[in-house]
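Biologist: Please take me slowly through this model, feature by feature, giving the general idea before the particular case.

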Amino acid sequence: MSYRAPVSEMVFTLAHVAGLPEEALSSADAEAILTEAGRLAADVIAPLNRVGDRHGATLSAGTVTTAPGWAEAYRAFVDGGWNGLAADPDHGGQGLPHLLGAAATEIWNGANLAFSLCPILTAGGIEALVAHGSDALKARYLEKLVSGIWTATMNLTEPQAGSDLAALRTRAEPAGDGSYRITGAKIYITYGEHDMADNIVHLVLARLKDAPAGTRGISLFLVPKVLPDGSRNDLRCSGLEHKLGIHASPTCSMAFGDEGGATGWLVGEENRGLACMFTMMNSARLNVGLQGVGVAEAATQKALAYAQERRQGRAPGAAEASPIVAHADVQRTLLTMKAYTAAARGICYLTAAALDAADGPEGQAAHDRASLLTPVAKAFSTDIANEVTSLGVQVHGGMGFVEETGAAQLMRDARILAIYEGTNGIQAIDLTNRKLPLDGGATVRAQIASMRRAAEGLVKHADPAFGQAAARLRAGIESLDRATSHQLAALASNRPETALAGATPYLRLFGLVQGAACLATAALAARSGLASGETDPAHRARIALARFFAENLLPAASGLEVEVIDGGAFVDEAALVLSQ
């Protein structure tokens, strides 16, 4: 089965969970736009997913050739104006809400994860340039990047550095004409070289001579593949990684300055490059979360279609072999996949909505909310992508373990999501160390209060269809509240190792409870629709899915609370145990 964008569910989540403002974009217009996106995804991009997995990308004499059909599909994507959906009209974009852009990003990644990495990196480059680029750089590069005619990359990692950016060695020397000469090597550069665009704009972290040590001495430079005069810059792809998944996405090693130095221009201020790059990384982290939602949706669709066709055993009361979807254990598995995917979608859309609100009257409070939710959106959504794609293989049984069905590819492709753009462990550290203390803890307390309002809505309406959802959500929120107090107290008492020991289970706890609140909000909106006479059968399904999540998945919250509060004792003895 090929991926089909779940447009009606996406629009419902946009409107009733994330709160898409009608004055910004009506639900009808959002549905029309996403329907067109879904058509391109289904007809052009999704059919290339298996092609790309089999063929991969190839490197010859410094030139990378993408899989058959890749360049043509990218041109169709660009010609449709999809690259600039949420970009500023002043730079050639359409100026639509980030929230709609998030939904479209989910679609592209559900159709073809490896293909969609290219526009995700370009989107991050656009944000970095808008926020920090000089007027001259904006005039030269933004319109081409917004259109997608040119693409962008993020060059952070080096062979000796990994996630430790303080260890970067790439150098930048002033050339005396306002430009710089860049020398060094970078690894793991997604779409660092390819044949889908005429120019690739590399954003490169490097050190100036006599720069301060550590991350305080890193600057950001724009280093194009093709210089403004049309000549080729002094940079090249020196190798392609052979990877577990996303085979068609060229993951490049890049060499800068073989012949004296690649020409680049400073973005932002000297020695302030990391702050500039974080603008790009924060954008990419939400988009990676949306990648998780997209691939989880694709795996769920594929598993459900297989379960409806595959006959084995007899369900109770059946006279002959039944489709395996009729068996209770398979139903539980499929509902788990569907519930996790819907919860992650809600979290990611909430994050995108906060980014939109940050540009309006709410300002800093919305910006802080987006900052709080971003590591949760990235890590929770990509963790569940790994779980859901693995469950998809399980539903397929032996056929899931062979490549024929495509279930294995989704699992292989999803594995990288918890690693790149900051591993999920780093996201947990970021959440605990930097995001919980925002505004003295007021930001996280306000978010927990919003979850309580969803629980109160379930209590107020007391619909038998909600089952125990209200009680389970209330209990989950209290677990999150106590765990939050523990983390904040540990930070305040200068015991960071205690807080960090529980950072990963804390993030999972936050994601579970926030996801349950999102589904509860959707269930309340569905109940309201039924009460007003709407006959959409999806409404009852939304209520049932929220109940399933609350009664079957959310109970893990109490165990996660224990891990956060009492599970840090291992820190004192970890070295002893791991040395044996």
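Modeller: We begin with a term that will return throughout: helices are DSSP runs of H or I with at least four residues, strands are runs of E with at least two, and both are numbered from the N terminus. Please keep in mind that this is a predicted model. In the protein chain there are 20 helices and 10 strands.

Biologist: What radius of gyration does the protein chain have, and what would a compact globule have?

Modeller: The general idea is to set the chain against a rule for globules, in which 2.2 Å is multiplied by the number of residues to the power 0.38. For 580 residues a compact globule would have a radius of gyration near 25 Å, and because the protein chain has 24 Å, the two agree. The C-alpha trace spans about 80 × 60 × 55 Å along its principal axes, and 56% of the 580 residues count as buried. Of the contacts between residues at least 6 apart in sequence, 74% join residues at least 24 apart.

Biologist: How many cavities of 30 Å³ or more does a search of the whole structure find?

Modeller: Rolling a probe the size of a water molecule over the atoms shows where empty space is left. Here the search of the whole structure finds two cavities of 30 Å³ or more.

Biologist: How do the residues that line the second largest cavity divide into nonpolar, polar and charged?

Modeller: The second largest cavity has four nonpolar, five polar and two charged residues in its lining, among them Asn-49, Asp-53, Trp-70, His-247 and Asp-413. Helix H3 (48–55) and helix H12 (407–414) each supply at least two lining residues, with H3 giving the most, three residues.

Biologist: How should I read a single side chain, and is Gln-427 buried or exposed?

Modeller: A residue counts as buried when its relative accessible area is under 20%. Gln-427 has 1% relative accessibility and therefore counts as buried; its place is in helix H13 (residues 424–435). A polar atom of the Gln-427 side chain lies 3.1 Å from the backbone oxygen of Gly-422. Beyond its neighbours within four places in sequence, Gln-427 is in contact with several residues, including Arg-285, Pro-375, Ala-379 and Leu-507. Gly-425 is also placed in helix H13, but at 32% relative accessibility Gly-425 counts as partly exposed.

Biologist: What does the side chain of Gln-301 show?

Modeller: Gln-301, found in helix H8, counts as buried because its relative accessibility is 12%. A polar atom of the Gln-301 side chain lies 2.6 Å from the backbone oxygen of Arg-4.

Biologist: Let us end on a strand residue. With which residues is Val-204 in contact, leaving aside its neighbours within four places in sequence?

Modeller: Among those contacts of Val-204 are Asn-155, Ile-182, Leu-220, Phe-221 and Phe-256. Val-204 is found in strand S6 (residues 200–208), and its 0% relative accessibility is why Val-204 counts as buried. From C-alpha to C-alpha, Val-204 and Ile-126 are 14 Å apart in space and 78 residues apart in sequence.

How values were computed:
Residues are numbered from 1 along each chain as its sequence is written. This is a predicted model: local features need pLDDT of at least 70, side-chain atom pairs count only at pLDDT 80 or more; totals for chains, interfaces and linings use all residues. Side-chain values use heavy atoms; hydrogens and water are left out. Buried means under 20% relative accessible area, exposed over 50%, partly exposed in between (1.4 Å probe, protein chains only). A polar contact is a pair of N or O atoms within 3.5 Å; within protein, one must be able to donate a hydrogen and the other to accept it, and residues adjacent in sequence count only if both atoms are side-chain atoms. Contact means heavy atoms within 4.5 Å. On a 1 Å grid over the protein atoms alone, a cavity is a set of points where a 1.4 Å probe fits but cannot get out, and a pocket is an open set with protein on both sides within 12 Å along at least five of seven lines; lining residues have an atom within 4 Å of a point. Grid points are joined across faces, edges and corners, and a volume is the space filled by probe spheres set on the points. Ala, Val, Leu, Ile, Met, Phe, Trp, Tyr, Cys and Pro count as nonpolar, Asp, Glu, Lys and Arg as charged, and the others, Gly among them, as polar.
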